[in-house]
Each structure stands twice: as C-alpha cells, then as structure tokens.
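Open the model in your viewer and keep the selection tool at hand. The tour below says what to select at each stop and what is there.

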Amino acid sequence: MDGRPLRRPLPDPARAALAALLGERTVSHPDAALREAGWTGADGRLRADHGLLLVGDIGGTKMLSALCDLGGTVLQTMREPTTREGAPALVAQVVAQRDALLARTGRQAEAIVAAGLGLPASIEPGTGRIHRGPNIPGLEEGDIGADLGRALGVPLALENDANMAALGEAWAGEGRGRDVVVHIAIGTGIGMGIVVDGRLLRGATGAAGEIAFLPLGADPEDPATHVSGPLEHCISSEALMRLYRASGGQGASLRDAFAAPEAALDAVLDRLGTLVARGIQSVAAILDPGAIILGGSLGARPEVLAAVEAALARGMARPPRCAISPLGDRAALVGAARAARRALASALE
C-alpha cells in the first residue's frame, strides 16, 4: 500500500530524520537538508504546513473525508453517503472526494504526501486484506487496500475505523498521556480500538477489540449472531429501534426518540447501558485501561454515558473512568492523520 514517498528526494540521513519526526521519535540534531526542503523550521521541528494528509472515516452509511496538515489539524471536510456498489465504486468515491477537497483548498494532488483511511472491518496486519466487513457490500472482495494505494499514489494506512478513533484519542484527545487507551464507538453497531503505549493492539488477524463478538446479550451459538456478533446483534441501532417500537415508542428514529424522550426510551437506555457496561467489565478485567472513551452517534450522548456509568456502578466496586470523546466524529480523522504520518515514515525507512 506504499505509493510515492516524497515529491523531492532527500539524502539518506535526512530521510531517516524525517521518518523519526513523522513517527514521533526524538531527533537529537536538526537536519539542514530537511530545513532547506521546507520540512522543518529553524528549531528542527516538523512544519505542519509543508504537506497535506488525505484522511477518511468510511462507514456503512456515510463517508467523511478530510484534508489535514501534518500536525493532524483538520482543514477541510466533506461528507456523503457511502456507495453500496462494491469495492471498485468505493475506490472511485475516495478519489472523487480527494479531488473535491483539493478543489476547495486550491491545492494540487502533489501536496498530499500520505493517506489514512478507516473502514468498518478487520484488516489483517500482514496482508492488508479485509475480513469481517459486513456493513459495506463487496468490501471483502479483491484487495481494496492495494487498489486504493494505486489510485491515490501515496503511502497509505488502512485501519479499522474504531482503531483510527482510538489512535486519534490517544494522540490528541481524552487518552493523551495514558498508557492504555480504549475507545468504544456505539452507533449503527459497536466497535472498539485499543492503543497501548502509543501503538495499536491489532491481534493476529487484525480483530483485536472486536467487542461486538463478546458472548453477551444473545446466544453466541445462534448462527444469526455470527456475522455481526452477539453483542452487536442486541444493541445495533436496528435492534434498539425494534425494542423502542415494542415498548411503545412513537418516534420515527432513535434521533427522534432522544429529541422527545418518552417511557420507551428508558427501555432502550437500560438495555444499551447494561450490555455495554458488561462489555466494559470484560475489557477492564483484561486491559485495566485508564479511561474508557465513548464515541459514535449513540456513544457520544450524555444519556448513554449516564446509563453505562449507572450499570457499571451496580456491577463493579471500582469501575473505570468513562468519558465522551472530546474529538467527536473527528476522532477517526485525527487518528487517520497519525496513521498516515506513520505510513509515510515507514516508506522513508
């Protein structure tokens, strides 16, 4: 998934120094070649404005893309529904969003030095191949990572979307300065990313953090739960909407339910809070994180946080601290910027 690493070649020592800066490693002495090329200032620090990073948070229903500077600051964003027409159409959509973002900023494609994209799927660390990606039709067919790399022509980091959000929180959000960062996104489904000492915990097949597959809420031996996972089977937005309706809810959507609370919403919050808390208890028993960060369209709601905290208090003597993501829906974009920087660093080494 590596494309062209630089617009202008650099001497080997300068390449090594730039790789270290991009990878957030210490460089003992400023490199004159990097300063002359514009990568660093007189103080030897990386200049955030020297290049652009193309980043994206590709979900089952919407795609949020952005251009960031090298420091992870989001400069321009666009959002549109995710195509349902298969992997080739998805690649074309990413390229079209890139071109639209460049047009808005008046920049050329050569300004983009790396890219980072989050997908709702597990990605094998060794091969980059997709599996467990049921929310986007055709995502697992072919090799979308290689196709995206060729289409974009720059070093590319492809990660699970929840992993990207965890990276963002560890770098610039609620998890900054913490050894173990856990980000749980609750929305259409549920996903989790884990960062330990600044590095993603991916697992052997890239499925570490797939909290949806904890044997909670539904029978794990029921084949109906094998695609999305037992926990997600019970607390996906679709499942919660069914519960809301069965409890007498009158709103047309969960958004409506929260906008005009009624008794039926209490049943939704009770199930969601209880099952998410049980998932957090399982996670805490293994990872002992300093904080659990909640995000996503449902996870970012104060009512959901309160329901989770109440359930944790009932089930644990010392529950972990929980907080809503301060980065909101930009957490995955910021994490994608960090991953893109590291992809560029790897291409230089």
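Select Arg338 first: in this predicted model, Arg338 is buried, with a relative accessible area of 6%. Because the cut-off for buried is under 20%, Arg338 counts as buried at that 6%. Its place is in helix 12, which covers residues 331–348.

Now display what surrounds this side chain. Which residues is Arg338 in contact with, leaving aside its neighbours within four places in sequence? They are Glu24, Leu167, Ala170, Trp171 and Gly198.

Next, select helix 4, residues 144–152. Colour Ile144, Gly145, Leu148, Gly149 and Leu152, which are buried. Turn the view to look down the axis of helix 4: the buried residues fall within an arc of 140°, so they line one face of the helix.

Keep those residues coloured and show what covers them. The cover includes strand 1 (52–58) and helix 3 (87–105). It also includes strand 4 (112–119), strand 6 (130–131) and strand 7 (156–160).

Step just past the end of helix 4 to Gly153, where phi is positive, at about 70°.

The last stop is a cavity. How many cavities of 30 Å³ or more does a search of the whole structure find? The search finds one, and the largest cavity has a volume of about 30 Å³. To see its lining, select Ala17, Leu21, Val27, His29, Pro30, Asp31, Leu34, Thr40 and Gly44. Coloured by class, this lining shows five nonpolar, three polar and one charged residues.

Key: Residues numbered from 1 in each chain as written. Predicted model: local features only at pLDDT ≥ 70, side-chain atom pairs only at ≥ 80, totals over all residues. Heavy atoms only, no water. 1 Å grid on protein atoms, 1.4 Å probe; cavity = no way out; pocket = protein on both sides within 12 Å on 5 of 7 lines; lining within 4 Å. Points joined across faces, edges and corners; volume = space filled by probe spheres on them. Nonpolar A, V, L, I, M, F, W, Y, C, P; charged D, E, K, R; others polar. Helix = DSSP H or I, 4+ residues; strand = E, 2+ residues; numbered from the N terminus. Buried < 20%, exposed > 50% of the residue type's maximum accessible area, 1.4 Å probe, protein only. Contact = heavy atoms within 4.5 Å. Arc of directions from axis to C-beta.
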